[in-house]
Amino acid sequence: MVVPKYAAAVRQYRPGWAGASVRLAGASHGVYDEFMLRALTLCTVLLVMSAAQPLCAASPLASRQQALKTIEHPDPAVRRAAVARLGEVGSMSDSDRLATRLRDDDASVRQFAEAALWQIWSRSGNRAIDALFQSGVQQVGAAQPVKALATFSEVIRKKPSFAEGWNKRATIYYLLGQYALSLKDCDEALKRNPNHFGALSGYGQIYLALGEPDRAQPYLERALKLNPNMAGVAATIQLIEQRREQRRSRTV
């Protein structure tokens, strides 16, 4: 499994990463902080790698128009094939339709819809830039964040309107501990894709790493509102609220 291997490798590039703790205001070291760090690290890596792992469509020959027509079909298998196909051939204009499937009654449809959105977001419309972008994703998977940083910077230079270039570089900055730069890139990503739940989650992760849970929570809640399937984000919000309640109870 690539995620644990990658998460361990990242620590080689982030001094103190393995032993650091993400501290909420007033929180003490311990199991809570350790769990929060693991959750944030895993969520970050999964967001980086999502675009590299598309799901397979059941009907690969369906056209974009056919997929759009069947995206609300009563049969979940048909909806699943439709959203997967849109991931392969859809455009940014299809994102809103796809986003409705993030609340589908069928769990597999929701999973395919999220993967399809990442696929669409990861296409710039230019083959050369897309190839460069995929090189950056592969560098992330190979635990080469410095190389990935240079690659995504080049993607941004060549096509600054490509939101996902900014989002991926924001993630690399986060992994390298350069939080101010990561926040700036999250800003740029959201300017170009206001529904980017990954970038919103990124804001939350950065502010938690900075020990500012009250600033983190609104961004995490916005991310979860757009994509209610982000279990790690939901768990993090719950942990923030639990810690806040513990502080309140100690002051009573």
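A: Helices themselves are DSSP runs (H or I, at least four residues), as strands are (E, at least two), numbered from the N terminus. Now the case: helix 10 (residues 179-192) and helix 11 (residues 197-209) have axes that come within 9 Å and cross at roughly 160°. The two are therefore roughly antiparallel to each other.

Q: Before going on, what kind of model is this, and how are residues numbered?

A: It's a predicted model, where local features need pLDDT of at least 70 and side-chain atom pairs count only at pLDDT 80 or more, while totals for chains, interfaces and linings use all residues. Residues are numbered from 1 along each chain as its sequence is written, and side-chain values use heavy atoms, leaving out hydrogens and water.

Q: How many helices and strands does the chain have?

A: There are 13 helices and 0 strands. Read along the sequence, that gives α-α-α-α-α-α-α-α-α-α-α-α-α.

Q: Is the crossing of helix 10 and helix 11 left-handed or right-handed?

A: A crossing is left-handed if the near helix is turned anticlockwise from the far one by less than a right angle, and right-handed if clockwise. Helix 10 and helix 11 cross in the left-handed way.

Q: Which residues of helix 10 and helix 11 meet?

A: Contact means heavy atoms within 4.5 Å. From helix 10, Y179, S182, L183, C186, D187, A189 and L190 take part, meeting A199, L200, G202, Y203, I206, Y207 and A209 of helix 11. By class, this contact of helix 10 with helix 11 has 11 nonpolar, 2 polar and 1 charged residues. For the classes, Ala, Val, Leu, Ile, Met, Phe, Trp, Tyr, Cys and Pro count as nonpolar, Asp, Glu, Lys and Arg as charged, and the others, Gly among them, as polar.

Q: At what angle do helix 9 and helix 10 cross?

A: Roughly 160°, and the axes of helix 9 and helix 10 come within 8 Å. That makes helix 9 roughly antiparallel to helix 10. The crossing of helix 9 and helix 10 is left-handed. On the helix 9 side you'll find A163, W166, N167, R169, A170, Y173 and Y174, and they meet Y179, L181, S182, D185, C186, E188, A189 and R192 in helix 10. The residues of this contact of helix 9 with helix 10 split into 9 nonpolar, 2 polar and 4 charged.

Q: What about helix 7 and helix 9: at what angle do they pack?

A: Helix 7 (residues 127-141) packs against helix 9 (residues 163-175) at about 20°, with the axes 11 Å apart. That makes helix 7 roughly parallel to helix 9. Helix 7 passes helix 9 in a left-handed crossing. The contact is built from F133, V137 and V140 of helix 7 plus E164, G165, K168 and I172 of helix 9.

Q: Is T236 buried or exposed?

A: The scale runs like this: buried means under 20% relative accessible area, exposed over 50%, and partly exposed in between (1.4 Å probe, protein chains only). T236 sits in helix 13 (residues 231-251), and its relative accessible area is 2%, so T236 is buried. For contrast, Q66 in helix 3 (residues 64-69) is partly exposed at 45%. Across the chain, buried residues make up 48% of the 252 residues.

Q: Where is A143, and what is its phi?

A: A143 is in the loop between helix 7 and helix 8 (145-158). Its phi is near 55°, a positive value in a residue other than glycine. A143 counts as buried, at 8% relative accessibility.

Q: Which residues does E114 touch beyond its sequence neighbours?

A: Leaving out residues up to four places away in sequence, E114 touches L102, F197, N227 and N229. E114 belongs to helix 6 (residues 107-121). E114 and N229 are 115 residues apart along the chain, with their C-alpha atoms separated by 8.6 Å.

Methods: Axes are lines fitted to C-alpha atoms, for helices over the stretch in contact, and angles run from 0 to 180 degrees between N-to-C directions. Angles under 35 degrees count as roughly parallel, over 145 as roughly antiparallel, 65 to 115 as roughly perpendicular and the rest as oblique.
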